[in-house]
Amino acid sequence: AVIHFVSLLPHVIRLAPSLPLQEDFVYHWKAITHYYIETSDDKAPVTDTNIPSHLDQMLGILLQEEREREFGVTGPCMEYLLHHKILETLYTLGKADCPPGMKQQVLVFYTKLLGRIQQPLLPHINVHRPVQKLIRLCGEVLATPTENEEIQFLCIVCAKLKQNPYLVNFFLESLKGQDSLSTDTGQSCQPEELSGAATVVRPNQDYNLVNSLLNLTRSPDGRIAVKACEGLMLLVSLPEPAAAKCLTQSTCLCELLTDRLASLYKALPQSVDPLDIETVEAINWGLDSYSHKEDASAFPGKRALISFLSWFDYCDQLIKEAQKMGILTSTALLHRIVRQVTSDVLLQEMVFFILGEQREPETLADISRHPLRHRLIEHCDHISDEISIMTLRMFEHLLQKPNEHILYNLVLRNLEERNYTEYKPVCPEDKDVVENGLIAGAVDLEEDPLFTDISPDNTLSNQEWLSSSPPATPDHPKNDGKTEVHKIVNSFLCLVPDEAKSSYHVEGTGYDTYLRDAHRQFRDYCAICLRWEWPGSPKALEKCNLEATFFEGHFLKVLFDRMGRILDQPYDVNLQVTSVLSRLSLFPHPHIHEYLLDPYVNLASGCRSLFSVIVRVVGDLMVRIQRIPDFTPKLLLVRKRLLGLEPEGPIIDHITLLEGVIVLEEFCKELAAIAFVKYHASSTP
């Protein structure tokens, strides 16, 4: 009978109705509270009780409840936790550390709750208030058994603030006394720790999250100290002015940075061989794992030197991160304003504010004449990729605004005299060349050493162009600065060598898509520029001041410089740089078309164009390809991963270069499409 019952047990369990989640949740919470009512032995460690198990069950129920509901909908279990102030009660139990080890369990529960629950919890007063109180308990005593749990908890709070920076304002507390340097927990700077700090007037706020992290940077456990430094790095990057002011004026952060740097400097030997200092490898802040015994090139004082340089690197990175977020925030705000403005009058004033009113050609010596313009253009090539991308996006949207001064100030004023060209009068001997679609004296790319491997199969025949392509005839000389369209298009399409092309292996990445996009975008740009009465053909070279020194201008200089580094820049940066350049190429001004889209323009000595920049990149690429084994298969795999056709896998060597090659190939196709569409539009009666 017993055997028969056991065999039926799984079916009985399966048929028995499970408790609703809320009842289950309440059961586990009451089991914890009953422990404190019923137990008389509060000396037994918490691990000897069922409290850890009940806390785990409660967390599991909250996670299950969230999975079963739409995002943002608070379930009854979470409502119960918030309404009954369970986190507040747990904080009290953790502070008392009753039973022993309870503080550790509370820290783990808080950390998992904040880290795993997707809906925002910190805005709730019954969450951020106990979280703030628990923060004060962290770092009170160094080298405690709970240090690891403390730093994990603090770092998850920092990560949540990084996701939603405005929440940091919940963690700025008012001090009880204006003249006090510490809170009731005694966590802030102590007068004896600061030289003359007692006379410093502090704002009436405190930032306990920073204070706790600062205390843990002094932990004898190097891993804890590094994690505390990482937390501080996150906090200094928050774009909240009140938090930044409180951090610098109400905490010991600045003193910690400078005092530790000074003490590490004093720990250096009185004399170190300058050659030894020079030969020390690059130092990055972090866990100091230097071993004197394992170092073959050790010298007296090397550990002290590495410690000093490591902390100096941390200070440098910390300040850079704080500065970066300030720049990023202000640029993002400016970008939003540019996108939002629709009033012509306000747009005009904003353009003058950003770019200045100058319309005369730029010189290298006066590019900083309008400080804001200069700084924004410089930020397009910032050491921070985030700042570069945000600033480039701002300029991309600025170029789409219906204001003539934007393009004239950034580009056109430097192209007015066409002094990027070398004028060669057409002589009778050159007539046949002109009739064949080349400007006199121009270099035919098919004779260029870089393109000797181009075969007729690699180019597109005239029959492959859209049926509306205008025929090339001797009656249509190119004295307007344009070259026969099929030669221009093929020049761009053949720039990237066959072994560096990957689009023909992937369906849907052909040239046709760019033609359709270019046609639509060019039509939109023509509508914007119609009232500006631009000329239909370039200014006659005989009337241009070709003797004047040519400077492409600060904006194009930075864009060309970045384009020249396309093989060594992150993918997202390359996409944004090429996006801005393609926007510029779409403008229906003959000088822009000639300078950016005509490969056969006779460049004056020392001048560069977009095409010449790309030619140099391709030359560099052809050399570097030879040094990368299995280049083509790797290139194809990277393209498929970027398109989502292949799952992410092991990291591929030379990934930055491979992604750069893909962007380069696509950009050349885009330029070819723009050149074709513009030629077709100008040739249509």
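Helices (H or I, at least four residues) and strands (E, at least two) are DSSP runs, numbered from the N terminus. The model is predicted, so local features need pLDDT of at least 70 and side-chain atom pairs count only at pLDDT 80 or more, while totals for chains, interfaces and linings use all residues. Residues are numbered from 1 along each chain as its sequence is written, and side-chain values use heavy atoms, with hydrogens and water left out.

Backbone geometry was examined in the loops. Ala143 lies in the loop between helix H7 (125-137) and helix H8 (147-163). Its phi is near 60°, a positive value in a residue other than glycine. Ala143 is exposed, with a relative accessible area of 53%. Here, buried means under 20% relative accessible area, exposed means over 50%, and partly exposed is in between (1.4 Å probe, protein chains only). His654 also has a phi near 60°, again positive in a residue other than glycine. This histidine is in the loop between helix H26 (631-642) and helix H27 (655-683). With a relative accessible area of 41%, His654 is partly exposed. A cis peptide bond joins Cys98 to Pro99, with omega near -5°. Pro99 belongs to the loop between helix H5 (86-96) and helix H6 (102-116). Most residues other than glycine have a negative phi, and most peptide bonds are trans.

Two leucines in helices were then considered. Leu62 is in helix H3 (residues 51-67). It is buried, with a relative accessible area of 1%. Contact means heavy atoms within 4.5 Å. Leaving aside neighbours within four places in sequence, Leu62 is in contact with Phe25, Cys77, Met78, Leu81, Leu113 and Ile117. The C-alpha atoms of Leu62 and Gln22 are separated by 9.3 Å, and these residues are 40 apart along the chain. Leu234 is found in helix H10 (residues 222-236). At 27% relative accessibility, Leu234 counts as partly exposed. With neighbours within four places in sequence again left aside, Leu234 is in contact with Cys158, Ala159 and Lys162. Leu234 and Leu318 are 84 residues apart along the chain, and their C-alpha atoms are separated by 8.9 Å.

Aromatic rings were paired next. Rings of Phe, Tyr and Trp (its six-membered ring) pair if their centres lie within 6.5 Å; planes under 30 degrees apart count as stacked, over 60 as edge-to-face and the rest as tilted. The structure holds 15 aromatic pairs. In one of them, the ring centres of Trp285 and Tyr314 are 4.7 Å apart and the planes stand at 65°, so the pair is edge-to-face. This pair links distant parts of the chain, 29 residues apart: Trp285 is in the loop between helix H13 (274-279) and helix H14 (302-340), and Tyr314 is in helix H14. Trp285 counts as partly exposed, at 22% relative accessibility. Tyr314 counts as buried, at 0%. The rings of Phe560 and Tyr595 have centres 6.0 Å apart and planes at 40°, so this pair is tilted. It too links distant parts of the chain, with Phe560 in helix H22 (residues 554-564) and Tyr595 in helix H24, 35 residues apart. Both Phe560 and Tyr595 are buried.

Helix H24 (residues 590-597) is mostly covered, with eight of its eight residues buried. Among them are Pro590, His591 and Leu597.

Charges over rings were also found. A charge sits over a ring if NZ of Lys or CZ of Arg is within 6 Å of the ring centre and within 35 degrees of the ring normal. The charged end of Arg260 sits over the ring of Trp311, 4.5 Å from its centre. Arg359 lies over the face of Tyr408, at 4.0 Å from the ring centre.

On a 1 Å grid over the protein atoms alone, a cavity is a set of points where a 1.4 Å probe fits but cannot get out, and lining residues have an atom within 4 Å of a point. Grid points are joined across faces, edges and corners, and a volume is the space filled by probe spheres set on the points. The whole structure has four cavities of 30 Å³ or more. The second largest cavity holds about 80 Å³ of space. Its lining includes Gln358, Glu360, Asp366, Arg373 and Arg413.

Notes
On a 1 Å grid over the protein atoms alone, a cavity is a set of points where a 1.4 Å probe fits but cannot get out, and a pocket is an open set with protein on both sides within 12 Å along at least five of seven lines; lining residues have an atom within 4 Å of a point.
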